[in-house]
Amino acid sequence: MISVKRVRSLKALMLGLVLCVSATAQTLLPVSRTAESQITKPPRPVQVETSAPAPQVVTILHRLNGLKVIRLLLRGNEQFGALANIDEAFQLAGDVHTNVIAGLALSDGQTIAAWLPEAEAELPPPLPFAPAPPTAPAPPGSTRTKSGPAAPMAMPALPPNTFQRSFTAVDVKIVTRDGRNLLGHYMGLDGLTGLSVITLSTSNLAKSADAIEDSIQAGQRVRLIGPEPVSQNERGAKAGIYVRVGETEATVLDVTRTATKTLARVRIKSPKITQANIGAVAVNSSGEPLGIVNAIEGDQASILPVGLVRSAARRVIARQASVPRPWLGVRGEPIGKLTLERILKVGWRGDRARALAEKRQGILLTSVVPGSPAAAAELKPGDVILRVNDEMIQNAEDFSMFLQDATPGSFVNFTVVRPGTAALEAFKIKLADSPEPFFGPIMFDARTAAPPPMLVPGIEAIAIKPRVAARLGATGGLLIVYVQPNSVAFAAGLRLGDVIESVNGESIVTRSASGLVNKNTSTTVVVVRNKKKLTIALPANQ
Amino acid sequence: MNKTDCRNVRREIEEAATGELLTTRVREHLSRCASCATFGDEQQELKNMVAGLGTVEAPADFDFKLRARLAASRSARRDVLSGNGFGIRSVAFATLVLLLGFAVLMMDVRSRSTDSAPAARASGPASESNSRTAPVNENKPSEEARAGTSPTNSSNPSHVQTNPSGRQVAKSNGSSLSQFTVARNGQVKATDLSASPAPVLRPTETRMGSSVFPLGTSYQSLKVSVDDGRGSSRTISLPTVSFGSSRVLARNPAPVNAGLRDSW
């Protein structure tokens, strides 16, 4: 039974609703009614937000032919004895793989920096590591001057690019944001940053200002721009592979600067970050580039700042070829990131360890590569490098930056404190080229692994089985996948894609046939090129 | 036997790679502890079994398909966030607004039928200025005004328009935004809107617009058979396309990662 009071309250509620609806109607009716009262709060217009276009971000299509892919197979960690068979569609001289990645057009409108994952395919093989002989210890307290190992550590400089281009023919195509297709010229790789530098014949790209480094701060919104595949659902019935430039939003987590206030690294965070974002170009909300994503860890990414990207490009352009990174031969960790226990574990004791941990300065060496410049100078695990050229080291970025300023072959001053001695020690060490100039960290531990035997110095070759050989018009032998342009082999006439069938009349079936070549006498090799046999004489003393 | 010792030894056994020699300390412990020795044997057997299994290779187009799906998924999320996607709440809200509008319309129709007094139609040319107030003769509505244009603002027609019903709308002419309203006394009041924030719409990316381009290749997995030099061979499937940092051979070392470097 509903009480009268309740019915009245319901009626009041209904009346209220009707009044509300009437009031709404009054405001929504045509002007004939509303014009009577002056509108004081007009409807707000709608503003359409469009992201700044960032035209300096381009898409790079890096194509590899079959020989380059086999070269990568050979250099990979594969147990690779011989090439047994390849698909009909696998063309040794034709494109078999395309990598699609973002590139950053620098402010000159002509140079592009990009993190090409297959840059190794365009480079000579890593040279065999040759440790320097051990040296007698120097008296403590004195400045020790040590050079790094001599040849063959040094990375041979490639000849001028006109020659290299015709030989290796790097296939790099640039697609701009407005859809233009441009041919790029691969100039080389910067060993320090891992960035490839590509140039155009003319200034064809959008010129724009970079983001001001001082303005980059935590909490700032950034956009990661890079190419991504278009799925079947989106492209509908269109056949083939389609690419679009996608964006991922992220927020700056923190910014690392060196002791000289140079921006060393920007860390960003986003739940949408994936490994696919490596190589993407980071821009701010105005479309100004911040740098290139060079590492991903979980939902965080590291950006190589645009200032360092520009430095990398300058290094490569100055040399007109790839630039190996200067190499000391140590692995270490910044003291600022270590616990006291960790410092105690490597030989430091009591108050000295505590003082070290509190100061949070320097790099603690955890390993030293035998035969490296560091080993030659008698640096040891447990040593702490406090200063480089009198500049205090606060973190790993500082250390990298100071070494980056040096070039391979230049002398660098190090101030070191050791667990066993209280006094600081000064070292003057000549840096070498990295034995693996471009892919160092991974191959660092594999330094003692013997390089694959070479039939002739300066060439990389792989044994091929009869089915592959038949496609090339040969019966078997070694397929040359790389020839060092300034080598004796090249001068004698050996070329990429040749099949070496025999050496001094003996057939070759495996890569380890180097015993057939006598360095003291001239060697005659029979090669198959374009299904035709050629005889080439290699001079003695190669 | 100390439980901590056993735990440490077992962890070391678990972490040891197949064929890797155990440390002297572990071997000594195994000679004394039957339980750990059994555990070690079991682990060894398990590792041998796993090592004996063939290598499972992902399809060659796995990476491509995964990236395409990730990209599509991201794009779909963007659509939803930016307003092109309609969730249940959006539909419910739209229905409610429609119902309310219908009710208002019905009430208006009813009120019109009972109201015999003619409604005063407000119309008149808009002012020529963005922010100043100008007199308007309400009693002499011009044809131009009814047609939506005004002689006085013909130099800037996009700025203010009056629609056929006499209601005025504001339009942006670039840098400044103004809203004009007509009072009963014939005066137009202009309100500068540039000081108040506007609702923001973010357009979604054109899916197959100019930013999408064909790669000029179709997906095809290429097979290469390699011999390990000891008589056994295997086939490697190579993708014809890779995006970003993914490599043609997943096992090849990644290029230098300057951000995470700890070796110099």
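Where pLDDT is low, the predicted coordinates should not be read in detail. This is a predicted model throughout, and the confidence values are therefore taken up before the fold.

**Confidence**

The predictor gives the complex an ipTM of 0.71 and a pTM of 0.61. Chain B has a mean pLDDT of 61, and 47% of its residues reach 70 or more. Among the elements of chain B, the lowest mean pLDDT, 35, belongs to strand 2 (residues 168-170). The highest, 87, belongs to strand 9 (residues 241-243) of chain B. For chain A the mean pLDDT is 76, with 74% of the residues at 70 or more. Chain A also has stretches where pLDDT stays under 50. One of them is residues 27-49, for which the model has 46 contacts beyond four places in sequence. Another is residues 437-453 of chain A, with 39 such contacts.

**Make-up of the chains**

Chain A has 542 residues, of which 43% count as buried. Its secondary structure consists of 13 helices and 29 strands. Of the contacts in chain A with a separation of 6 or more, 67% are between residues 24 or more positions apart. Chain B has 264 residues, and 21% of them count as buried. Chain B contains 6 helices and 9 strands. In chain B, 46% of the contacts between residues at least 6 apart in sequence join residues at least 24 apart.

**The cores and helix 6 of chain A**

The largest nonpolar core has 105 residues. Those with the most contacts inside this core are Leu104(A), Ala113(A), Ala114(A), Ala282(A), Ile292(A) and Val309(A). Helix 6 of chain A supplies the largest share of the core, 6 residues. Apart from this core lies another, of 43 residues, including Leu72(A), Val483(A), Ala489(A) and Val528(A).

Leaving aside neighbours within four places in sequence, Ala114(A) has contacts with Ile60(A), Ile101(A), Ala102(A), Gly103(A) and Leu104(A), among others. Further contacts of Ala114(A) include Leu195(A), Ser196(A), Ile198(A) and Gly279(A).

Helix 6 of chain A runs over residues 306-319. At 1.5 Å a residue, its 14 residues should span 20 Å, and the end C-alpha atoms are 20 Å apart, which agrees. The buried residues of helix 6 are Val306(A), Leu308(A), Val309(A), Ala312(A), Ala313(A), Arg315(A) and Val316(A). An α-helix has 3.6 residues a turn, so residues three or four places apart point the same way. What covers the buried residues of helix 6 includes strand 4 (95-105), strand 5 (111-114), strand 8 (181-189), strand 9 (196-199), strand 14 (289-297) and strand 15 (300-305) of chain A. After helix 6 comes Gln320(A), with a positive phi near 60°.

**Strand pairing in chain A**

Strand 9 of chain A is covered on both faces. Ser196(A) and Ile198(A) on one side are buried, as are Val197(A) and Thr199(A) on the other. In a regular strand the side chains alternate between the two faces of the sheet. Strand 8 and strand 9 of chain A form a hairpin with 6 residues between them, and Gly194(A) in the turn has a positive phi of about 80°.

| Strands of chain A | Bridges | Residue pair |
|---|---|---|
| strand 5 and strand 9 | 4 bridges | Ile112(A) and Ile198(A) |
| strand 8 and strand 9 | 4 bridges | Leu189(A) and Ser196(A) |
| strand 17 and strand 18 | 5 bridges | Arg331(A) and Ser367(A) |
| strand 18 and strand 19 | 2 bridges | Leu364(A) and Val384(A) |

Strand 18 (residues 363-368) pairs with strand 17 (residues 330-334), and with strand 19 (residues 384-388).

Key
Residues numbered from 1 in each chain as written. Chains lettered and ligands numbered in written order. Expected span 1.5 Å × (residues − 1). Buried ≥ 20, exposed ≤ 12 C-beta atoms within 10 Å, placed from the backbone. Contact = placed C-beta atoms within 7 Å. Core = buried A, V, L, I, M, F, W, Y, C linked by C-beta atoms within 7 Å. Pairing = 2+ DSSP bridges. pLDDT = per-residue confidence, 0-100.
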